[in-house]
Amino acid sequence: MAFFEWDKSLDVEVELMNQQHQTLIGMMEALYQKNEAGASKQELIAQAGELVNYVIKHFKDEENYMQSANFPGLETHRKLHNNLMVDLNKLVMDFVNGTNEKISVEFVMFLKMWLFTHIRGIDTKYKVLATR
Ligand SMILES: [Fe+2]
Ligand SMILES: [Fe+2]
């Protein structure tokens, strides 16, 4: 069973954003699985780097979507993205510069928290725009 998996509770009712969330979750799962399978630190860093790049793209596209839909919560949402980016970068840099050969439990839990609180609790707020 996958540890990171998209399900209906994460549906934001915007096709492109659902697709991007699925890709993002797939990348989290790939990182998690490689970590569990004992991949080299080099491979884990490469996978984490891909995740960071995709997150940058996703946040930009999501903010552009909210702007085009005149979503009133855009500025707050943008700040939340910036905070997530700071935390994600710190976790990645700590891993790159640290002595650990494996991704920490803290890193995995951060990604999990992201799914349950950000996508489900925050991203789903803009779905009212798609349905009205
Ligand atoms: Fe978001
Ligand atoms: Fe999102």
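User: Is Gln47 buried or exposed?
Analyst: This is a predicted model. In it, Gln47 is buried, with 20 other C-beta atoms within 10 Å. The cut-off for buried is 20 or more, so Gln47 qualifies.

User: Where does Gln47 lie, and what does Gln47 touch?
Analyst: Gln47 is in helix α2. Not counting residues up to four places away in sequence, Gln47 touches Ala30, Leu31 and Lys34.

User: What separates the C-alpha atoms of Gln47 and Leu31?
Analyst: Those two C-alpha atoms are separated by 6.0 Å, with the residues 16 apart along the chain.

User: And Leu31, what is Leu31 in contact with?
Analyst: Leaving aside neighbours within four places in sequence, Leu31 is in contact with Leu44, Gln47, Ala48, Leu51 and Ile103. Leu31 is also one of the residues with the most contacts inside the largest nonpolar core, along with Leu24 and Met28.

User: How many residues has that largest core, and which elements give two or more residues to it?
Analyst: The core has 14 residues. The elements giving two or more are α1, α2 and α4 (105-121). Another core, of 5 residues, lies apart from it, and includes Val12, Val14, Met17 and Met66. As a general point, nonpolar side chains tend to be buried together in soluble globular proteins.

User: Back to α2. Which residues are buried there?
Analyst: In α2 the buried residues are Leu44, Gln47, Ala48, Val55, Glu62 and Met66. The cover over them includes α1 (15-36) and α3.

User: How far does α2 reach?
Analyst: α2 has 28 residues and reaches 40 Å from its first C-alpha to its last. That is close to the 40 Å expected at 1.5 Å a residue.

User: At what angle do α2 and α3 pack?
Analyst: Helix α2 (residues 41-68) and helix α3 (residues 74-97) pack at about 175°, and their axes are 11 Å apart. That makes α2 roughly antiparallel to α3.

User: Which residues meet there?
Analyst: From α2 there are Ile45, Ala48, Val52, Val55, Phe59, Glu63, Met66 and Gln67. They meet Leu74, His77, Arg78, His81, Met85, Leu88, Val92, Phe95 and Val96 in α3. By class, the contact has 12 nonpolar, 3 polar and 2 charged residues.

User: Which other non-glycine has a positive phi?
Analyst: Glu13 has one, at about 60°. Glu13 is found in the segment before α1. Glu13 is partly exposed, with 13 other C-beta atoms within 10 Å.

User: New topic, His21. Buried or exposed?
Analyst: His21 counts as buried, with 20 C-beta neighbours inside 10 Å. Its place is in helix α1.

User: What is His21 in contact with?
Analyst: Leaving aside neighbours within four places in sequence, His21 is in contact with Trp6, Leu10 and Ile119.

User: How far apart are His21 and Val55 in space?
Analyst: They are 9.6 Å apart, C-alpha to C-alpha, and 34 residues apart in sequence. Val55 is one of the buried residues of α2, and Val55 also takes part in the contact with α3.

Methods. Residues numbered from 1 in each chain as written. Chains lettered and ligands numbered in written order. Predicted model: local features only at pLDDT ≥ 70, side-chain atom pairs only at ≥ 80, totals over all residues. Axes fitted to C-alpha atoms, helices over the stretch in contact; angles between N-to-C directions. Helix = DSSP H or I, 4+ residues; strand = E, 2+ residues; numbered from the N terminus. Parallel < 35°, antiparallel > 145°, perpendicular 65-115°, else oblique. Contact = placed C-beta atoms within 7 Å. Nonpolar A, V, L, I, M, F, W, Y, C, P; charged D, E, K, R; others polar. Expected span 1.5 Å × (residues − 1). Buried ≥ 20, exposed ≤ 12 C-beta atoms within 10 Å, placed from the backbone. Core = buried A, V, L, I, M, F, W, Y, C linked by C-beta atoms within 7 Å.
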